[in-house]
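Please look over the structure shown below. The report that follows takes up its loops, helices, surface and charge pairs in turn.

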Amino acid sequence: MKIIIQGYNKSIHKKNNQIIIKEKDNIIYRISSKRISDILILAKGYVTFDALSLISQNNIPLIATNKYGNIEYVLTTPHEDNILLRKKQYKISENNQGVKISQEIIKSKMYNQYYTLKTLNKNKKNEEVKKLRKEIKNNIQSLETIEMNDNRNINKLKNKIRGIEGITSVKYWKAVSILLPETINFRTREQKPEKDVVNAMLNYAYAILVSEITKIILSEKLDPYCGLLHSDLNKRKSLTYDLIEEFRQQIVDKTVFSLVNRKQITEEDIDKRTNLLKTKPKYLLTKSIMDKIHNKIKYDNEELTYIQIIEKQVKNIKNSIDNNEKYTVFKINW
């Protein structure tokens, strides 16, 4: 079971073999540590030393984000048998194999953007959106033509991929701005929203997805900080941000667009003083994202939840790193 802690004045305690969640001095939740898969903190408060010890003993990943949706820290039990795998990971992050995987991941993202816009524009039939979709398809073809024959100019190849990805994302978000209701003040994608409920929702929901992917990467004994496409920067979980590209549209974007189109969350649900979501819409968004993550779809001739597909993709990238196998990406034509 995943535990999500939101709000203020929260604290995590231990009693016997239980994790106790309090709000101020009131117990709001208690659960056996054996039943907890991971803990995501989207709140302000503290964790006692005894609780940290119990969390560690049960190998429970604890991930905390700040109010802007960025991960502040990840606490996990150290792995003692992963050094050879991680050495391979570090090696391919600097060679042709890593760039090929990056190319496939970004191609998957662009396909998913293309088909998301197709779904959103199904009834509206907006001609400008159709034109932007065609341009995205052309960008996919440009990405496919990038040749990678040796290990020279790795950074140049990465920059080419990033460049095509960036251009495509501008077109995608322009199309989204056309398709969203006029009452929504969304113009373009921003990491730090400017009185914009859609960007606030996206940032918060991506943070939840980042925590899910990071947890699985750690469970497979890979290093979330060593990416194949995203640059290695201090505190950036670059491998997580590589893998999230395959799932942004299906899990987060479509959920956010649905909530906005159904007017379940509106511009009134953003706090104009902080540009952050208010408490009730934040709870609704969290529940919607978690429901989506555990929703089953037919994929690869199986009925799988999105979290199972993410687990499958992490295992795929692990096999690609460890055994030099071809990496097969996640994409859905809908």
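## Loop residues with positive phi

K125 is exposed, at a relative accessible area of 51%. Exposed stands for over 50% relative accessible area, buried for under 20%, and partly exposed for what lies in between (1.4 Å probe, protein chains only). K125 sits in the loop between helix 3 and helix 4 (127-144). Its phi is positive, near 50 degrees, and K125 is a residue other than glycine. Helices (H or I, at least four residues) and strands (E, at least two) are DSSP runs, numbered from the N terminus.

This is a predicted model: local features need pLDDT of at least 70, side-chain atom pairs count only at pLDDT 80 or more, and totals for chains, interfaces and linings use all residues. Residues are numbered from 1 along each chain as its sequence is written, and side-chain values use heavy atoms, with hydrogens and water left out.

N16 also has a positive phi, about 55 degrees, and is not a glycine. N16 belongs to the loop between strand 1 (2-15) and strand 2 (18-23). Its relative accessibility is 66%, so N16 counts as exposed.

## Helix 4

Helix 4 has 18 residues. From first C-alpha to last it reaches 26 Å, close to the 26 Å expected at 1.5 Å a residue. The expected span is 1.5 Å times one less than the number of residues.

Its buried residues are V129, L132, R133, I136, N139, I140 and L143. They cover an arc of only 115 degrees around the axis, which puts them on the same side of helix 4. The arc is that of the directions from the helix axis to the C-beta atoms. These buried residues pack against helix 3 and helix 5 (154-179). E127 and K134 are exposed on the other side.

## Helix 10

Helix 10 covers residues 306-323. Its 18 residues should span 26 Å at 1.5 Å a residue, and its end C-alpha atoms are 25 Å apart, which agrees.

Buried here are Y306, I307, I309, I310, Q313, V314, I317, S320 and I321. They fall within an arc of 160 degrees seen down the axis, so they line one face of helix 10.

N112 lies in helix 3 (residues 96-120). Its relative accessibility is 0%, so N112 counts as buried. Leaving out residues up to four places away in sequence, N112 touches E246, Q249, Q250, F330, K331 and I332. Contact means heavy atoms within 4.5 Å.

L180 is in the loop between helix 5 and helix 6 (197-219). At 8% relative accessibility, L180 is buried too. Its contacts, again without residues up to four places away, are K124, F186, V198, F257, V260 and N261. L180 and F257 are 77 residues apart in sequence, yet 7.4 Å apart in space, C-alpha to C-alpha.

## A nonpolar surface patch

F49, L52, Y73 and L75 form a nonpolar patch on the surface. Together they have about 400 Å² of accessible area, by the Shrake-Rupley method with a 1.4 Å probe, where for residues only the protein chains shown count as cover. Patches are made of residues with over 30% relative accessible area and no salt bridge; like charges are joined within 9 Å, nonpolar side chains (Val, Leu, Ile, Met, Phe, Trp, Tyr) within 5 Å.

Helix 1 (49-57) and strand 6 (71-75) each supply at least two of the patch residues. L52 is in helix 1. Its relative accessibility of 31% makes L52 partly exposed.

## Salt bridges

The structure holds 21 salt bridges. A salt bridge is a side-chain nitrogen of Lys or Arg within 4 Å of a carboxyl oxygen of Asp or Glu. One of them joins E165 and K109 (2.9 Å, N to O). This pair links distant parts of the chain, with E165 in helix 5 and K109 in helix 3, 56 residues apart. Both residues are buried.

E127 and K130 pair at 3.4 Å, N to O. They are three residues apart in helix 4, and therefore about one helical turn. E127 is exposed at 55%, while K130 is partly exposed at 37%. K215 and E212 form a salt bridge, with their closest N and O atoms 3.4 Å apart. Both are buried. K2, D38, E212 and K215 are linked in a network of salt bridges.
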